[in-house]
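Q: I have a protein model open and would like to learn how to read it. Could you take me through some of its features?

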Amino acid sequence: MTTTESRPRLLGPLALVGIVVAVLASAVAVTLGIGTIPTLAAISSPELPVRHYLQAVVDGDVSTAMKLGRITAGDDDVLLTDAAYRKATDRVSSFQILGVERSGATATVQARIRQGQAAYTAQFKVARASAPIVSAWRLAKQSLPTLTVNLHGPDDMTVKIGGHAVTAHDGQVVERAFPGTYAIDAAQEKYYSVSAGAVAAVFPPQQAAAAEVSAEAQPAAVSAAKDAVGKWLADCVAQTSMTPEGCPFYAEPQQGVTYSNGHWTLDEAPQVALGGWNDELGGWPVATSSPGYVTYSSDASVGGLTGTATTGSQPFEVSGTLVVSGDSVRFVPSSAYSDGGGTQIGDSDA
């Protein structure tokens with residue numbers, strides 16, 4: 001029987017090279033103190049963290065984008081969530097890296113952003129530690145886009161953006177958000193309503209136009225205005241003076257006639273209508289749609305003769321502002337009335 005001896009097989013040159021490379025790789029990994037070796041391409045590519053950041057935005061992964069962008073949400077940042085961003089429309093759908101400008105350990109990456117039907121250019125800052133030389137690039141702390149809503153309505157007027165109640169300051173809402181278009185919910189209050197709308201946010205340095213939201217007076221506000229004007233006029237006609245203070249009418253006395261025991265009578269109340277919200281006035285302008293009628297009567301004496309003086313029923317108009325705060329409504333007469341700018345009622349006939 002022939003016995004075949006097993007002989008050790010020598011490793012070829014290719015295998016030996018493989019062993020050497022593996023040993024070198026292990027040595028480098030130990031030297032760097034990491035488990036995997038970063039490729040030079042990754043380390044020397046400032047656009048890489050920008051790609052990761054923008055891809056997270058495209059994917060609607062706000063949580064990851066915030067980590068990559070080193071963004072911390074505050075208590076008022078109600079739109080910086082995955083759920084809020086999913087409700088947005090016209091979001092970032094794609095991007096293209098256009099170029100990189102490097103300056104030592106910092107760089108600016110320029111990208112073309114496709115958002116909804118529009119495209120624009122945005123810039124992103126990246127940096128890396130100056131030592132070791134092979135440290136990876138990372139995004140600088142990112143400045144998020146802001147969306148702005150200007151409110152034209154009562155001081156306590158609020159709106160919801162993307163389903164979240166937001167806080168207004170001096171009639172304006174400014175919220176941080178990832179690029180997209182966010183719905184402004186319609187609202188119905190007792191005296192006014194707010195129509196549905198939308199507001200957009202885009203990456204800096206662009207800035208989307210602010211959304212304008214106005215409070216529209218409801219029938220209850222018109223009714224409240226009519227009642228408030230009625231109470232004001234009741235106070236006016238209760239005055240006995242021919243020139244009631246701060247009122248929309250006055251009577252002009254005849255020279256040489258002495259008047260006494262005067263009184264006003266409201267013959268017919270005026271009909272009023274509300275205009276659109278006025279920021280300067282802080283309410284809805286109140287105007288006359290149909291004039292009212294008033295009469296002034298008094299005792300009169302002239303040259304030893306006595307009798308009754310009257311203006312007869314004369315027309316007049318009113319103007320002012322309806323101011324609403326919560327469930328409180330008040331009518332503010334035109335400041336012109338304080339300066340004697342009311343309607344002059346015809347001369348009293350003795």
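Predicted model: local features only at pLDDT ≥ 70, side-chain atom pairs only at ≥ 80, totals over all residues.

Q: What span should helix 6 have, at 1.5 Å a residue?
A: Helix 6 runs over residues 219-237, and its 19 residues should span 27 Å.

Q: How do I read aromatic pairs, and how many does the structure hold?
A: A pair of aromatic rings is described by the distance of the centres and the angle of the planes. There are eleven aromatic pairs in this structure. Take Tyr53 and Phe203: their pair is tilted, with 6.4 Å from centre to centre and 50° between the planes. Tyr53 belongs to helix 3, while Phe203 is in the loop between strand 12 and strand 13, so the pair ties together parts that are 150 residues apart in sequence.

Q: Are Tyr53 and Phe203 buried or exposed?
A: Tyr53 has a relative accessible area of 1%, so Tyr53 is buried. Phe203 counts as buried too, at 2% relative accessibility.

Q: What kind of pair do Phe249 and Phe316 form?
A: The ring centres of Phe249 and Phe316 are 5.0 Å apart and the planes stand at 75°, so this pair is edge-to-face. Phe249 lies in strand 14 and Phe316 in strand 20, so parts 67 residues apart in sequence are tied together. Ring pairs also link Phe249 and Phe316 with Trp264 and Tyr296 into a cluster.

Q: Where does the charged end of Arg91 sit?
A: You will find it over the ring of Tyr85, 4.9 Å from the ring's centre.

Q: How do I read pockets, and what volume does the largest pocket have?
A: Rolling a probe the size of a water molecule over the atoms shows where empty space is left. Here the largest pocket has a volume of about 290 Å³. Its lining has 18 residues, and Gly153, Pro154, Asp155, Asp156 and Trp277 lie nearest its centre. Strand 21 gives the most to this lining, with three residues.

Q: Which residues line the second largest pocket?
A: Among them are Tyr53 and Phe203, the two rings of our tilted pair. Strand 3 gives the most to this lining, with three residues. By class, the lining has six nonpolar, three polar and two charged residues. The volume of this second pocket is about 200 Å³.

Note on methods
Residues numbered from 1 in each chain as written. Heavy atoms only, no water. Phe/Tyr/Trp six-rings, centres within 6.5 Å; stacked < 30°, edge-to-face > 60°. Helix = DSSP H or I, 4+ residues; strand = E, 2+ residues; numbered from the N terminus. Buried < 20%, exposed > 50% of the residue type's maximum accessible area, 1.4 Å probe, protein only. Lys NZ or Arg CZ within 6 Å of the ring centre and 35° of its normal. Expected span 1.5 Å × (residues − 1). 1 Å grid on protein atoms, 1.4 Å probe; cavity = no way out; pocket = protein on both sides within 12 Å on 5 of 7 lines; lining within 4 Å. Points joined across faces, edges and corners; volume = space filled by probe spheres on them. Nonpolar A, V, L, I, M, F, W, Y, C, P; charged D, E, K, R; others polar.
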